[in-house]
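Visitor: I have a structure open and would like to go through its side-chain contacts. Can we start with the rings?
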Amino acid sequence: TSCTPQSASPPQPAAIGALVQKAREYAESRNTLLLFGAYSIGKERAFLAVSETLGERLHVPRARLRVYEAALSGMCDVAKKFTTDEKATRLRVVPMGHINFAKLRALVGGSSRWQSVVGFRPTGWAHTKVGGGGAKGASSPAEERTPAKPRPAAPLHVRRQGRVTIVDVAYSEHSSFSELRACVRALEPVRCVPTVNGNSAAKVAEMLQHLSAEH
């Protein structure tokens, strides 16, 4: 998935650290609601780190709680980390697709207790927004001959509209490009067989060249 220098996302601990620090800053206001995008399963390390730092539980719907009771029992004390009482906390776990300005804007103003809302999007795709490459463009002949060097992404990208803020976090549970290359160098396999995005001989050759490049 990430076998390209342009996918040089930051190490997961760095992304989590940046997320926690930013969440701590926004949490200084008790009238700010913090939402964390997630899939059915995945991204738990990111928002659990925030919960631990702030000492607050995370609100989840009952259906998601049942999933976490089954999947996270060996990772944390689910009963102490999550609640189905929306009024008991200002931290919420929501579907990743809910982290957009239209949905978040509906949570502030009017009779809402919240004066502002911040939505965090912890996803590997965020590296295309935060400076880690990912932009498509023409390459020079020299660039085509020489594998590009990894360009680590900044962990965060902040967007704001009025009282709504969205923070894109370059957090991924896939191995980054640098981690893939380090793994290949450490194991010294006789043969690598790409199974993702290797839909042509040219693409396979390009990925293998990236993995074997010295720098």
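Guide: First the term: rings of Phe, Tyr and Trp (its six-membered ring) count as a pair if their centres lie within 6.5 Å. Keep in mind that this is a predicted model.

Visitor: How many aromatic pairs does the structure hold?
Guide: There are 5 aromatic pairs in the structure. One of them is formed by Tyr 26 and Phe 120, edge-to-face, at 6.4 Å centre to centre and 65° between the planes.

Visitor: Where do Tyr 26 and Phe 120 lie?
Guide: Tyr 26 is in helix H1 (residues 12-26) and Phe 120 is in strand E5, so this pair ties together parts 94 residues apart in sequence.

Visitor: Is Phe 120 buried or exposed?
Guide: Phe 120 is buried, because its relative accessibility is 1% and the cut-off for buried is under 20%. Tyr 26 is partly exposed, with a relative accessible area of 23%.

Visitor: And why is the pair of Phe 47 and Phe 82 called edge-to-face?
Guide: Their ring planes stand at 80°, with the centres 6.4 Å apart, and planes over 60 degrees apart count as edge-to-face. This pair also links distant parts of the chain, with Phe 47 in helix H2 and Phe 82 in strand E3 (residues 82-83), 35 residues apart. Phe 47 is buried at 1% relative accessible area, and Phe 82 is buried at 3%.

Visitor: Which residues do ring pairs link into a cluster?
Guide: Tyr 26, Phe 36 and Phe 120 make up a cluster linked by ring pairs.

Visitor: Switching to charges. How many salt bridges are there?
Guide: A search of the whole structure gives 8 salt bridges. Among them is the one between the side chains of Glu 52 and Lys 81, at 2.5 Å from N to O. Glu 52 belongs to helix H2 (residues 44-54) and Lys 81 to helix H4 (residues 78-81), 29 residues apart.

Visitor: Which side of that one is exposed?
Guide: Glu 52 counts as exposed, at 54% relative accessibility. Lys 81, at 17%, counts as buried.

Visitor: What about Asp 168 and Arg 121?
Guide: Their side chains meet in a salt bridge, 2.5 Å from N to O. Asp 168 is in strand E7 (residues 164-169) and Arg 121 in strand E5 (residues 116-122), so the pair joins parts 47 residues apart in sequence. Both Asp 168 and Arg 121 are buried.

Visitor: Which partner does Glu 86 have?
Guide: Glu 86 forms a salt bridge with Arg 92, with the closest N and O atoms 3.7 Å apart. Glu 86 is partly exposed at 41%, whereas Arg 92 is buried at 11%.

Visitor: Which residues are linked in a network of salt bridges?
Guide: Arg 30, Glu 56 and Arg 90 are linked that way.

Methods. Residues are numbered from 1 along each chain as its sequence is written. This is a predicted model: local features need pLDDT of at least 70, side-chain atom pairs count only at pLDDT 80 or more; totals for chains, interfaces and linings use all residues. Side-chain values use heavy atoms; hydrogens and water are left out. A salt bridge is a side-chain nitrogen of Lys or Arg within 4 Å of a carboxyl oxygen of Asp or Glu. Helices (H or I, at least four residues) and strands (E, at least two) are DSSP runs, numbered from the N terminus. Buried means under 20% relative accessible area, exposed over 50%, partly exposed in between (1.4 Å probe, protein chains only). Rings of Phe, Tyr and Trp (its six-membered ring) pair if their centres lie within 6.5 Å; planes under 30 degrees apart count as stacked, over 60 as edge-to-face and the rest as tilted.
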